[in-house]
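Please view the sequence and the model first, then read the points below.

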Amino acid sequence: MRQSLRYIIPILLPLIILLLPASAFPIEGLTVIQQRVIAIFLLAALCWVLEPIPIYATSVVIIVLELLLLSNKGLYQFRIDHGQPHFGELLDYNAIMATFASPIIMLFLGGFFLAMAATKYRLDVNLARVLLKPFGHQPKYVMFGLMLITATFSMFMSNTATTAMMLSILAPVIALFGSKDPGKIAFALCVPVAANIGGIGTPIGTPPNAIALKYLSEDNMITFGEWMFFGVPFVAVLLVFSWFLINAIYPAKQDKIELTIQGKFLKTPKAITVYITFALTIVLWLMGSVHGMNSYTVALIPVAIFSLTGIINKEDLKKISWDVLWLVSGGIALGLALDKTGLAQLVVNSIPFDSFSPYLVLVGAAMLCLVMANFMSHTATANLLMPIMAALGMSMSSLVPLGGEVTLILVVTFAASLGMSLPISTPPNALAHATGHVESNQMAKVGVIIGVVGVALSFAMIGLLHVIGHI
C-alpha cells in the first residue's frame with residue numbers, strides 16, 4: 001500500500017490543483033497559467049521527495065509538461081483562454097527548450113570533461129600520491145591530508161567520483177585498524193565529509209552552486225574567480241573544524257599507518273595535453289577579468305580540445321553524468337516558469353515578509369534548506385527553493401542592508417551542500433556507509449554538527465564580505 005502511494009500521490013495532488021477553480025487558492029490575482037505552474041511545481045516536489053521515478057526523469061517530465069501546458073507551441077486546447085479573463089501569458093517554447101543547453105549546463109559539461117580526462121590519464125591518483133607525502137604516518141595528520149586532497153578534487157570533479165576514488169585508495173588502510181578502533185570510522189567518514197564541503201569551493205563543484213549562478217546575473221553576477229574568493233576560505237575553515245570534530249569524536253588508537261599509492265605520472269602526448277589543458281582551464285577561469293571570457297565560454301575549451309585530440313572518445317561520452325545535467329536543466333526550467341509567469345513574485349508578495357526580521361528570514365531559509373537537503377537530493381532542494389528565494393530577495397527591502405538577494409541565495413546555496421547527516425543525504429555518504437565501517441547514527445552525529453556550524457559560518461563569512469563591499 002505504502003509503495004502504491006509513492007506513485008499515486010505525485011499524480012493525484014497536482015491533478016486536483018489543475019481542476020480546482022482559481023478562487024480556491026488563497027492568492028489574489030492567480031491566473032490559469034500560474035495555476036498550471038503550481039501543479040507542475042507540486043509534481044516536481046513530490047517526485048523529488050518520494051522518488052517514484054528517477055530524479056532526472058522528473059526533470060524531463062517538468063520540461064515536457066511546460067512545453068505542453070505553458071508554451072506558445074503546446075497543445076492547442078491549452079493555448080485557448082476559453083473566455084477566462086485571468087488566463088495569463090504563455091511562455092516562449094524556445095526559452096523552455098533552451099534550458100537543455102543553458103550556459104550553466106555547458107559549465108558543468110566542461111567540468112565533466114576535465115574530471116573524466118583526469119581520471120582516464122590517472123592525474124587524480126598521481127596528484128593524491130604526491131600531495132599525501134608531506135603528511136607523514138600519524139593517523140590524524142594523514143586524515144587531514146586525505147580531507148584536504150578530497151576537498152580540492154571535489155572543487156573540480158564530481159563529489160561522488162572523488163569519494164569513490166579516495167575510498168578505494170583507503171580500503172587497505174582502513175583494514176589495518178582493529179575492529180574496535182574508532183579510527184576506522186574516522187577514516188571512512190572523513191572522505192564524504194570533505195567531498196561534500198569541497199564542492200562548495202567552485203561554481204562547478206556541485207550542482208546547487210551552478211543553480212545559484214543562474215539567479216546571480218547582471219548586477220549581481222559572480223565570476224568563477226569571485227566565487228572562489230569566498231568559497232575556498234569557507235571550505236578551508238569548515239574543513240579544519242570538521243577534522244578537529246572527527247578526531248575528537250572518533251580518535252584513532254593506532255599510532256602509525258602506512259598509505260601506499262602505486263603509480264607514476266604518464267608522459268604520453270595525450271597525458272601531457274590533459275595536464276596542460278587542465279591547468280590552462282583553471283587559470284582562465286580565475287583570470288576572467290584579464291581575458292574577457294566568462295566561465296561558460298572557458299568551460300567549452302577543454303570540451304573542444306579533448307574531443308579534437310581523441311582524449312575523450314565516443315565511448316567516454318557514454319560515461320558522462322547526463323542524469324545530473326538533466327536534473328539541473330529541469331530545475332532551470334522550473335525556475336523559468338515560476339519567474340516568467342510571475343508566480344514566484346505573486347507568492348512572495350502575498351506574504352508580508354517585510355514585516356519579518358531579515359535575520360529571521362535568512363536563518364529560516366537556511367535551516368529549511370538544510371533540513372530538506374538531508375532527506376532529498378541537494379540539487380532537487382536547490383531547484384525547488386532557489387526561484388522562490390530569488391523572488392523573495394528582490395522583494396524584501398529590509399534585506400538590502402544585509403546584501404539583499406545575493407546574501408539570501410548564497411546562504412541557501414551553502415546550506416544545500418551541507419546536508420550530510422544521513423546515508424541518503426548525498427551519494428558520497430551512501431558510498432561511505434556501503435563500506436560497512438560507518439553506521440547511520442555515527443554519520444548523523446558528525447553531519448548534524450557540521451551542517452549547523454557550516455550555516456553559521458556562511459552567515460559570518462557573507463556578512464564580512466558585505467562589510468568589505470565584495471557583495
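**Helix packing and aromatic pairs**

Helix α5 passes helix α16 in a right-handed crossing. The contact involves Ile104, Ile105, Phe108, Leu109 and Phe112 on the α5 side, and Trp322, Val324, Leu325, Val328, Ser329 and Ile332 on the α16 side. The model is a predicted one.

*Packing of α5 and α16*

- The residues of this contact comprise ten nonpolar, one polar and no charged.
- Helix α5 spans residues 103–120 and helix α16 spans residues 322–340; their axes lie 10 Å apart, at an angle of about 165 degrees.
- Angles over 145 degrees count as roughly antiparallel, and α5 is therefore roughly antiparallel to α16.

*Aromatic pairs*

- The structure holds 14 aromatic pairs.
- One of them is formed by Phe108 and Phe112, an edge-to-face pair with 5.8 Å from centre to centre and 75 degrees between the planes.
- Phe108 and Phe112 are separated by about one helical turn, because they stand four residues apart in helix α5.
- Phe108 counts as buried because its relative accessibility is 5%, and Phe112, with a relative accessible area of 12%, is buried.
- The ring centres of Trp227 and Phe230 are 5.4 Å apart and their planes meet at 45 degrees, so this pair is tilted.
- Trp227 and Phe230 both belong to helix α11 (residues 224–249), where they are three residues apart, about one turn of the helix.
- Both Trp227 and Phe230 are buried.

*Aromatic cluster*

- Phe135, Tyr141, Phe144, Trp243 and Phe244 together form one aromatic cluster.

Note on methods: Residues numbered from 1 in each chain as written. Predicted model: local features only at pLDDT ≥ 70, side-chain atom pairs only at ≥ 80, totals over all residues. Heavy atoms only, no water. Axes fitted to C-alpha atoms, helices over the stretch in contact; angles between N-to-C directions. Helix = DSSP H or I, 4+ residues; strand = E, 2+ residues; numbered from the N terminus. Parallel < 35°, antiparallel > 145°, perpendicular 65-115°, else oblique. Left-handed = near helix turned anticlockwise from the far one by under 90°. Contact = heavy atoms within 4.5 Å. Nonpolar A, V, L, I, M, F, W, Y, C, P; charged D, E, K, R; others polar. Phe/Tyr/Trp six-rings, centres within 6.5 Å; stacked < 30°, edge-to-face > 60°. Buried < 20%, exposed > 50% of the residue type's maximum accessible area, 1.4 Å probe, protein only.
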